[in-house]
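Me: I'm new to reading structures like this one. Could you take a close look at the helix packing for me, then show me what else is worth a look, and explain the terms as you go?

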Amino acid sequence: MKKAKILFNNIKALRNYHQHRIELNNPPSFIWLEPTNHCNLKCIMCPNGTDMVNVQKGRMEYELYKNIIDEIKDYASSITLAIGGESMMHSEFFDMIKYASSNGIKVLLNTNATLLNREKADLLLESGVSSVSFAFDGFNKEMYEKARVGSNFDKTLENILYFLELKKKKMLKLPYTVLSILMLEIGNYTEEEKCSFLKRFNNLIDEVRLREVSTWGNTFKDTDEFSFRKHNGFFAPCSRIWSTTCIMWNGDVVPCIYNANHEYVLGNIKDNGLLDIWNNQKIVQLRKSMLEGTYLDISPLCENCIVLGTPTMLGIPSGIRLTLTDAVTNIIGYNFEKFALYFANKLKRGKFSSVTLN
Ligand SMILES: C[S@@+](CC[C@H](N)C(=O)[O-])C[C@H]1O[C@@H](n2cnc3c(N)ncnc32)[C@H](O)[C@@H]1O
């Protein structure tokens, strides 16, 4: 019943977007939640790793986390446990996953896997997590360690492979596993190296995704090393703010994950309910400006965003595609997600930020 309701709410989000409604009768269904903004690496493409984060560092109180889950459990399809930091650094990380999944919310995880030792691999597999994306940006040691400063190629690869082997041994269908590789142009690799690296994941990983490196909104706007879209001639209002939201470690609610410095705070969940924040004046104003193309007056952060420049497909803009796919996945399983991404790339009418390899 809840799954059908979530799907219906996503259809409402799409209708609201096309009808230019800015006060929404659909709740957010895809929620990013930040257990902590502390990280153990200094990645060259991340605001956190490059000391561009000026907000206080901290971790979400477990009581606050539980209150959030209790509040959103009737309408949230999934929470993605990671925004700016490494979530495995949170001491109650596994309890967090269990609490959300036992309340009927899918938990999706992005991790650098550096802390995923054997004990944690077992705990993670038993936690109820639905999907794990391993961020591993490089086909060889040189590339990887240049990007993921502070990490060790062999050790982290061993962590990931051990986890995947254990999942196979336990004959578990979930979590759905993704090897996420950012296409940073640093260092060289041969085709042979790439193939032998990827071969190690054969029959172990569900999906290998090559991803575009973004300028994290306008955070890295002064570099030309990362991707951004020039919006001349093409513009699709960001539909993420019609169906997703983000809750930072201190309870600040922001419109999107690129608010690493909590640039545009809509409210704080300790003071207001999420559904009140979802339709408050600040977000309504942002939606309006998005439709009118005046969003830079409200949030300069959107300036270089790759989401704005990602094409609409079959009338479905990229933000709602993400949440709609997530809602359909609830009903027919994870293979749909892979199929949807594959299909999107086949129909390619512009630039997409992810390509699935297998
Ligand atoms: C900021 S990280 C935090 C999670 C985890 N600590 C990690 O290292 O992956 C969340 C996701 O953002 C991705 N990411 C980091 N910098 C990026 C950039 N400039 N463009 C696109 N994705 C980026 C990572 O690959 C990861 O999948």
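Predicted model: local features only at pLDDT ≥ 70, side-chain atom pairs only at ≥ 80, totals over all residues.

Reply: Let's start with a crossing: helix 1 and helix 12 cross in a left-handed way. Residues are numbered from 1 along each chain, as its sequence is written. The helices (H or I, at least four residues) and strands (E, at least two) are DSSP runs, numbered from the N terminus.

A word on packing in general: two packed helices are described by the angle between their axes and the distance between the axes. Those axes are lines fitted to C-alpha atoms, for helices over the stretch in contact, and the angles run from 0 to 180 degrees between N-to-C directions.

Back to our pair. Helix 1 covers residues 2–18 and helix 12 covers residues 318–332; their axes come within 9 Å and cross at roughly 160 degrees. That makes helix 1 roughly antiparallel to helix 12. The cut-offs: under 35 degrees is roughly parallel, over 145 roughly antiparallel, 65 to 115 roughly perpendicular, and the rest oblique. Who does the touching? Helix 1 brings Lys3, Ile6, Leu7, Asn10, Ala13, Leu14 and Tyr17, and helix 12 answers with Ile320, Thr323, Leu324, Ala327, Val328, Asn330 and Ile331. Contact between two residues is when their C-beta atoms, placed from the backbone, lie within 7 Å. Sorted by class, the contact of helix 1 with helix 12 has 10 nonpolar, three polar and one charged residues. For these classes, Ala, Val, Leu, Ile, Met, Phe, Trp, Tyr, Cys and Pro are nonpolar, Asp, Glu, Lys and Arg are charged, and the others, Gly among them, are polar.

Next pair: helix 2 (residues 62–72) and helix 3 (residues 93–102), whose axes come within 10 Å and cross at roughly 15 degrees. So helix 2 is roughly parallel to helix 3. This crossing is right-handed. On the helix 2 side you'll find Tyr62, Tyr65, Lys66 and Ile69, meeting Asp95, Met96, Tyr99 and Ala100 of helix 3. The contact of helix 2 with helix 3 comes out as six nonpolar, no polar and two charged residues.

Follow the chain out of helix 6 and you get to Pro175, in the loop between helix 6 and strand 5. The peptide bond from Leu174 to Pro175 is cis, with omega near 5 degrees.

Two other loops are worth a stop. Ala113 sits between strand 3 and helix 4; it isn't a glycine, yet it has a positive phi of about 65 degrees. Ala113 is buried, with 26 C-beta neighbours inside 10 Å. The rule is 20 or more other C-beta atoms within 10 Å for buried, 12 or fewer for exposed and partly exposed in between, with C-beta atoms placed from the backbone. Asn203, in the loop between helix 7 and strand 6 (207–211), has a positive phi of about 60 degrees and is not a glycine either. Asn203 is exposed, having 6 other C-beta atoms within 10 Å.

Last stop: Lys338 in helix 13 (residues 335–346). Lys338 counts as partly exposed, with 18 C-beta neighbours inside 10 Å. Leaving aside neighbours within four places in sequence, Lys338 is in contact with Glu207 and Thr356. Lys338 and Glu207 are 131 residues apart along the chain, but their C-alpha atoms are separated by 7.3 Å.

Definitions and conventions: Left-handed = near helix turned anticlockwise from the far one by under 90°.
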